[in-house]
Amino acid sequence: MLFPREILPSLLHLTPAWLKARGLKGVILDLDNTLLPYGEGDLPEAYRAWLSDLKGAVPVYLLSNALPERFARVQRLLDLPGHAPALKPWFGFRKALKALGLPAREVAAVGDQVFTDVLGGNLVGAYTVLVPPLREQEFFYTRFIRMLEAPFRRPRGGVTR
């Protein structure tokens, strides 16, 4: 439950072709430190272009534990469906799947944290993808959790792409 299906060196490696090769037709995407550096409110240009390409190919749903006000600002900026706070890992993923209209096996759940993004995605049967955090500066609590996650930051089967 705690191991991702795959680990990518960057979110930018998750392309429409990558998804298609795995039979994936949708994406549940984490916000903080996955798509957006922690504490920032705008996407870097490379991520803006990547997201535009991805949205043109498959439906994308933004799922976050962020505060609702911050999430709403970013959601409007990115023009993505989604919700927050999702209370990951226990909640949110089923609502995201329903909104995407896809079975879990056809959806990539992508994030930077094992105990929220990977666990939640695995609990619903999604194809879990772990990416490195965009920024090392984050909540003290998150830094502590990352130390606990360390043994699980490798994919099932031991293959990293």
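Modeller: A term comes first: a nonpolar core is a set of buried Ala, Val, Leu, Ile, Met, Phe, Trp, Tyr and Cys residues joined through side-chain atoms within 4.5 Å. Buried means under 20% relative accessible area, exposed means over 50%, and partly exposed lies in between, with a 1.4 Å probe and protein chains only. The model is predicted, so local features need pLDDT of at least 70 and side-chain atom pairs count only at pLDDT 80 or more, while totals for chains, interfaces and linings use all residues. Residues are numbered from 1 along each chain as its sequence is written, and side-chain values use heavy atoms, leaving out hydrogens and water.

Colleague: How many residues are in the largest nonpolar core, and which have the most contacts inside it?

Modeller: That core has 30 residues, and Leu14, Leu19, Val27, Leu29, Leu35, Val110 and Val129 have the most contacts inside it. Two or more residues each come from helices H1 (16-21), H2 (45-57) and H3 (68-78), and from strands E2 (26-29), E3 (60-63), E5 (107-111) and E6 (127-130). Helices (H or I, at least four residues) and strands (E, at least two) are DSSP runs, numbered from the N terminus.

Colleague: Which of them gives the most to this core?

Modeller: H2 does, with 4 residues.

Colleague: And what does Leu14 touch?

Modeller: Setting aside residues up to four places away in sequence, Leu14 touches Leu8, Leu19, Val27, Trp50, Leu54, Val110 and Val129. A contact here means heavy atoms within 4.5 Å. There is also a second, separate core of 14 residues, with Tyr61, Phe93, Ala96 and Val124 among them.

Colleague: Let us step back. How many helices and strands does the protein chain have?

Modeller: The protein chain has 6 helices and 6 strands. From the N terminus on, its elements run β-α-β-α-β-α-β-α-β-α-β-α. Of its 161 residues, 51% count as buried.

Colleague: In what order do the strands form the sheet?

Modeller: The 6 strands form an open sheet in the order E1-E6-E5-E2-E3-E4, with parallel pairing. The edges are E1 (6-7) and E4 (82-83), each of which pairs on one side only. Two strands pair if DSSP finds at least two bridges between them.

Colleague: How many bridges join E2 to E5?

Modeller: There are 4 bridges between E2 and E5, which run parallel, and Ile28 stands opposite Ala109 in E5. E2 also pairs with E3 in the parallel sense, over 3 bridges. In that pair, Val27 stands opposite Val60 in E3.

Colleague: What about E6: which residues cover its two faces?

Modeller: Tyr127 and Val129 lie on one side of E6, Thr128 and Leu130 on the other, and all of them are buried. In a regular strand the side chains alternate between the two faces of the sheet.

Colleague: How does E6 join its neighbours?

Modeller: E1 and E6 run parallel and are joined by 2 bridges, with Ile7 opposite Leu130 in E6. E5 and E6 run parallel as well, joined by 4 bridges, and Ala108 stands opposite Tyr127 in E6. The chain crosses from E5 through H5 to E6 in a right-handed β-α-β crossover. Right-handed means that, with the strands pointing away from the viewer, the path from the first strand over the helix to the second runs clockwise.

Colleague: Turning to helix H5, how many of its residues are buried?

Modeller: H5 (residues 114-124) is mostly covered, as 9 of its 11 residues are buried. They are Val114, Thr116, Asp117, Val118, Leu119, Gly120, Gly121, Asn122 and Val124. Gly125 follows H5 and has a positive phi, near 90 degrees.

Colleague: Why does Thr116 count as buried?

Modeller: Thr116 counts as buried because its relative accessibility is 14%. Leaving aside neighbours within four places in sequence, Thr116 is in contact with Asn65, Lys88, Pro89 and Phe93.
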